[in-house]
Amino acid sequence: MSTITEHRVPANGLEVNVAIAGQGPAVLLLHGFPHTWRLWAHVIPRLARDHRVIAPDLRGLGATSRPKQGYDAGTLAADAEALLDALGEPSAAVAGIDLGAAPAFLLAMRRPERVRRLVLMEAVLGALPGAEGFAAPWWFGFHAVPGLAETVVAGHEAEYIGWFLDIGTRADGVPPEVRASFLEAYSGSDALRSAFGHYRAFPETGRQIIEAAEGARLRVPTLAVGAHPVGDALERQLRPIADDLTGQVIPDCGHLVPLDRPDALLPLLGGFFGGRLGRSAEDSGRIADPAARG
């Protein structure tokens, strides 16, 4: 069984905190809000049987650097490419969920030679046609107002972040150790400011997505995975611009797909990426002691 180790890797002006496990063709996993790389904790061990799994904390989130700017998806895509460069990986299969979907999409559109296969989960890609029936959640606007959300939420992070974790799962909820790591990662005004910076960059991200879709087709084989609440909205957005698209909605699954229904997600990833993803008593994985970090 592969051990998951955390490393600090310089990339695109950041110190990126990244979890790495396994050997083989690279798989890059991009999380969203309010998560860290540990969103993938139940997925990494099985993927690592046949792949080198690379799961960073996104810019400003988790233990990655918290710059004042650069939270648009185009910059996040550049972060991802720089991380692959730093780790010596010419290409990777890339999966992005929630906030991680837009940079994964832009990386595939802008640098298709770096993305062997693309998985996008539980996200809506800006104003691309097809998702008109999906209303933006109330917190998009709340998070977008400069300075407001961090002022209101500071001191109540456990209640606020915990609410997102509770509504994002339908089965057994978020495991206590993963929940604790998320709450720690989003505690304090600076951590919150960085998190909400992603939402404040949405207008620029939206422009980048439209520009990319107008200028090229999505040539990379792509899997769109939906659950609750996004459903098939993402697939509908991608269908007109993708050359090779498979859509799948996982029933009875919350937004946090890798934590809520890894049993349903892993066979999809196995069929798409290739590899041995059968069930095992080892699947909970083993995370190395922090002293082993690179």
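The legends below accompany close-up views of a predicted model.

**View 1. Aromatic residues gather into one cluster.**
Phe33, Trp138, Trp139, Phe140, Phe142, Tyr160, Trp163, Phe164, Tyr186, Phe196, Tyr199 and Phe202 make up one aromatic cluster, and the count of aromatic pairs in the model comes to 17. The rings of Trp139 and Phe164 are arranged edge-to-face, because their centres lie 5.0 Å apart and their planes meet at 85°. Since Trp139 belongs to helix H4 (residues 138–144) and Phe164 to helix H6, this pair ties together parts that are 25 residues apart in sequence. Both Trp139 and Phe164 are buried. The rings of Tyr199 and Phe202 also have their centres 5.0 Å apart, but with planes at 45° this pair is tilted. Tyr199 is buried, at a relative accessible area of 3%, whereas Phe202 is partly exposed, at 28%.

Ile167 is part of helix H6, which covers residues 157–167, and with a relative accessibility of 41% Ile167 counts as partly exposed. Trp138 and Trp163 are also members of the aromatic cluster.

**View 2. Helix H2 is mostly covered.**
Helix H2 (residues 73–86) contains 14 residues and spans 20 Å from its first C-alpha to its last, close to the 20 Å expected at 1.5 Å a residue. Ten of the 14 residues in H2 are buried, namely Ala73, Gly74, Leu76, Ala77, Asp79, Ala80, Glu81, Ala82, Leu83 and Leu84. The helix is followed by Gly88, which has a positive phi near 75°.

Of the 16 salt bridges that the structure holds, one is formed by the side chains of Glu150 and Arg200, at 2.6 Å from N to O. Because Glu150 lies in helix H5 (residues 148–153) and Arg200 in helix H8 (residues 189–200), this pair ties together parts that are 50 residues apart in sequence. Glu150 is buried, with a relative accessible area of 10%, while Arg200, at 23% relative accessibility, counts as partly exposed. Asp243 forms a salt bridge with Arg217, in which the closest N and O atoms are 2.7 Å apart. Asp243 lies in the loop between helix H10 (233–238) and strand E8 (245–249), and Arg217 in the loop between helix H9 (202–215) and strand E7 (222–226), so the pair ties together parts that are 26 residues apart in sequence. Asp243 is partly exposed, at 47% relative accessibility, and Arg217 is partly exposed, at 39%. Salt bridges with shared partners also join Glu81, Asp85, Arg111, Glu113 and Arg114 into one network. Within this group, the side chains of Glu113 and Arg111 meet at 2.5 Å, N to O, and Arg111 is partly exposed, with a relative accessible area of 32%.

**View 3. The charged end of Arg117 sits over an aromatic ring.**
The ring belongs to Phe272, and the charged end of Arg117 is 4.7 Å from the ring centre.

**View 4. A buried histidine lies in a loop.**
His31 is found in the loop between strand E3 (26–30) and helix H1 (44–47), and with 0% relative accessibility His31 counts as buried. His31 and Pro258 are separated by 227 residues in sequence, while their C-alpha atoms are 9.8 Å apart in space.

Methods: Residues numbered from 1 in each chain as written. Predicted model: local features only at pLDDT ≥ 70, side-chain atom pairs only at ≥ 80, totals over all residues. Heavy atoms only, no water. Helix = DSSP H or I, 4+ residues; strand = E, 2+ residues; numbered from the N terminus. Buried < 20%, exposed > 50% of the residue type's maximum accessible area, 1.4 Å probe, protein only. Phe/Tyr/Trp six-rings, centres within 6.5 Å; stacked < 30°, edge-to-face > 60°. Lys NZ or Arg CZ within 6 Å of the ring centre and 35° of its normal. Expected span 1.5 Å × (residues − 1). Salt bridge = Lys/Arg side-chain N within 4 Å of Asp/Glu carboxyl O.
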